[in-house]
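Subject: Model for you to look at

Hello,

Please find the structure below, with the sequence. My notes follow it.

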Amino acid sequence: MSIEAEHIHMERVYVWEVPVRLSHWLIVVSLLVLSVTGLYIGNPFIPVSGEATQHFVMGTMKSIHFVAAMVFTLSVLWRIVWMFVGNPYARWNEFLPVSKRRLVGIWNTIAFYTFLHRDSPAFVGHNPLAGVVYTVVFGLFAVMIATGFALSAANAHMNAMLSGFQFLIPLCGGLQMARFIHHVGMWLLLGFAAHHFWSAFLVGTVERSSLLDSIFSGYKVLTPDVARRARKHIEED
Ligand code: HEM
């Protein structure tokens with residue numbers, strides 16, 4: 001079928017619901033704010049003259065970091081809840097490959113990315129390889145939240161609620177280790193974010209599926225071929 005003919009038959013499918021898109025963008029924005037303020041906390045690069053109390057740059061950075069950390073933590077928790085109540089494309093089994101089709105789909109996706117297969121595997125939501133990668137990313141989110149709360153607990157007043165997280169400090173291997181893991185985790189997440197953007201751009205262009213637009217609008221536009229192959233298996237995904 002020619003490209004023009006395919007466009008006439010394109011199918012619009014509502015994939016990403018409002019809570020999925022909202023948590024996605026809240027995570028993106030809070031991650032950026034956390035990275036900028038975190039880099040400053042680790043390496044205070046703005047010099048100030050005179051008494052530190054007259055400027056409060058570090059205090060401001062730490063306060064912004066803390067507010068963004070709460071937005072980040074709640075967005076991640078909200079997205080995990082939505083894995084159990086959302087539409088089929090938002091569910092936990094889009095992340096963990098428990099069906100045979102998704103397990104095989106991991107290899108088919110790798111084969112497509114490495115030019116061994118001509119056609120992209122027909123999955124409407126996350127492809128199975130992306131799903132597994134996002135599981136690792138959510139694991140990394142959990143590590144950032146645990147080490148972050150361990151660091152907060154160390155600074156918290158003994159009557160403050162945050163001091164209740166002190167039990168995390170030995171679990172992280174002590175405060176220095178918590179700080180180190182927290183710092184390395186940031187670079188891993190920033191590396192993922194760069195790769196995520198470019199691969200979404202690339203796959204969206206190759207599949208002509210409006211992949212990038214879909215995280216704004218919620219809709220994916222499928223070619224007749226992908227729609228037909230996906231519909232055949234949608235119950236198994
Ligand atoms: C993925 C999100 C996050 C990123 C990218 C991030 C990044 C960073 C970085 C780079 C540092 C400086 C570490 C160093 O080199 O010393 C830092 C410090 C800190 N982070 Fe995060 N962070 C994140 C999430 C959180 C969360 C969820 C909390 C929970 C409250 C948190 C609490 C803290 C605290 C309290 C410090 C200060 C440690 C100190 O006073 O020295 N962070 N963060």
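In which loop is the place of Ala90? Ala90 sits in the loop between helix 3 and helix 4. Before the rest, two remarks on conventions. Residues are numbered from 1 along each chain as its sequence is written. The model is predicted, so local features need pLDDT of at least 70 and side-chain atom pairs count only at pLDDT 80 or more, while totals for chains, interfaces and linings use all residues.

Overall layout

The chain has nine helices and two strands; helices (H or I, at least four residues) and strands (E, at least two) are DSSP runs, numbered from the N terminus. Read from the N terminus, the order of elements is α-β-α-α-α-α-α-α-α-β-α. Along the principal axes, the C-alpha atoms fill a box of roughly 70 × 35 × 30 Å. Of the 237 residues, 22% count as buried. A residue is called buried if 20 or more other C-beta atoms lie within 10 Å of its own, exposed if 12 or fewer, and partly exposed in between, with C-beta atoms placed from the backbone. Among contacts with a separation of 6 or more, 63% are between residues 24 or more positions apart; a contact means that the two C-beta atoms, placed from the backbone, lie within 7 Å.

The ligand

The shell around the ligand holds 24 residues, and Gly38, Gly42, Ala69, Gly148 and Met186 come nearest. A residue belongs there if its C-beta atom, placed from the backbone, lies within 6 Å of the molecule. Two or more residues each are given to this shell by helix 2 (18-42), helix 3 (57-85), helix 5 (128-155) and helix 7 (175-207). By type, the shell has 13 nonpolar residues, ten polar and one charged. Here Ala, Val, Leu, Ile, Met, Phe, Trp, Tyr, Cys and Pro count as nonpolar, Asp, Glu, Lys and Arg as charged, and the others, Gly among them, as polar.

Helix 2

Helix 2 has 25 residues and spans 35 Å from its first C-alpha to its last, close to the expected 36 Å. The expected span is 1.5 Å times one less than the number of residues. Its buried residues are Val20, Ser23, Ile27, Ser30, Leu31, Leu34, Thr37 and Gly38. Helix 3 and helix 7 are among what covers them. As background, an α-helix has 3.6 residues a turn, so residues three or four places apart point the same way.

Helix 4 against helix 5

How are helix 4 (residues 100-113) and helix 5 packed? The angle is about 100 degrees, and the axes are 7 Å apart. Axes are lines fitted to C-alpha atoms, for helices over the stretch in contact, and angles run from 0 to 180 degrees between N-to-C directions. Helix 4 is therefore roughly perpendicular to helix 5; angles under 35 degrees count as roughly parallel, over 145 as roughly antiparallel, 65 to 115 as roughly perpendicular and the rest as oblique. Helix 4 contributes Arg102, Gly105, Ile106, Thr109 and Ile110 to the contact, and helix 5 contributes Pro128, Leu129 and Val132. These residues divide into five nonpolar, two polar and one charged.

Val104, also in helix 4, is partly exposed, with 13 other C-beta atoms within 10 Å. Its C-alpha is separated by 25 Å from that of Leu140, 36 residues away along the chain.

Not counting residues up to four places away in sequence, Ala90 touches Glu17, Val20, Trp82 and Met83. Arg79 is eleven residues from Ala90 in sequence and 8.7 Å away in space, C-alpha to C-alpha.

Two phenylalanines have a positive phi. Phe56, in the loop between helix 2 and helix 3, has phi near 60 degrees and is exposed, with 12 other C-beta atoms within 10 Å.

Leu162 lies in the loop between helix 5 and helix 6 (168-171). With 15 C-beta neighbours inside 10 Å, Leu162 counts as partly exposed. Beyond four places in sequence, Leu162 is in contact with Ser152, Ala153 and Ala156. Leu162 and Ala194 are 32 residues apart in sequence and 33 Å apart in space, C-alpha to C-alpha.

Regards
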